Amino acid sequence: LELLYKRANKQVQNFPPKMLTTKQLKLAVCDKFKQKFISIRPSAVSKLVVVLEEIPQEQHDWALDTVVATVVGLENKNAVVDDTIIDSVLEKIQLQQQDSEPETEHNHVQILDTFALPKFVFNTCADQFYRVNGNAQLFGTAQNKTRGIFGRRLDIIKQRILRNRLFSKSLNFGALQDKVVQLSSVESLLGSAGSQVVVFGMISQIREKEFCIEDDSAHLPIDLSNAKAGIG
């Protein structure tokens, strides 16, 4: 029985689906528009039938749904859909399909001009980004390297850390405020021996085997001989 069932299934799959007649296509078009309470002229129905005959049968429902949805979305549509509306709808659908086509191997790479991109700098006093006006330069100065690269990168990372609920008092209420971590500057470590503080800074190596932690306020030497890697 199982063998007969497989053979019967194979024979059914080999038969192509029966093509719909013109009358059946017209009825399908009218039914789709009646579901949305839209009247359509016979000439417009015939025009849609011609379009349906040019595409595979399994795409008929999708095509009719797309046409009806586009007609419903028209702002200045008449009470009865005529040839003019169908022509404009088909043209609109064709343009949308062209815009949504996948990128080919010739246009999937986009080149951006780095000098045309706007430059934003984080202002620690105003706690926001502002746009820097002026022409960009290919080669910067020593000041651009220290403040422009490392300093601004440090500011951006710090303001993102302060948005975390563990470091922001505004996101915690009641008893949770006691668990908020307060970040201190490197300068606050001067003269505070024995106290425990949380410092945010950048570890740099000024001389060989001599490390220090620094931010925009100060820099202090640190001993990493007993440092251990942890989670975080």
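This is a short tour of one predicted protein model, from the whole chain down to a single residue pair.

Residues are numbered from 1 along each chain as its sequence is written, and side-chain values use heavy atoms, without hydrogens or water. Because the model is predicted, local features need pLDDT of at least 70 and side-chain atom pairs count only at pLDDT 80 or more, while totals for chains, interfaces and linings use all residues.

**Whole chain.** Select the protein chain and colour by pLDDT, the predictor's confidence in each residue from 0 to 100. The average is 76, and 76% of the residues score at least 70. Of the 232 residues, 19% are buried (under 20% relative accessible area, 1.4 Å probe, protein chains only). Now switch to a cartoon: the protein chain has six helices and nine strands (DSSP runs, H or I of at least four residues for helices, E of at least two for strands, numbered from the N terminus).

**The start.** Select residues 1-8. Their pLDDT stays under 50, and the model gives them zero contacts beyond four places in sequence (a contact is heavy atoms within 4.5 Å).

Strands of a sheet pair through backbone hydrogen bonds.

**One pairing.** How many bridges join strand 7 to strand 8? There are five, and strand 8 covers residues 210-214.

Terms used. Buried < 20%, exposed > 50% of the residue type's maximum accessible area, 1.4 Å probe, protein only. Pairing = 2+ DSSP bridges.
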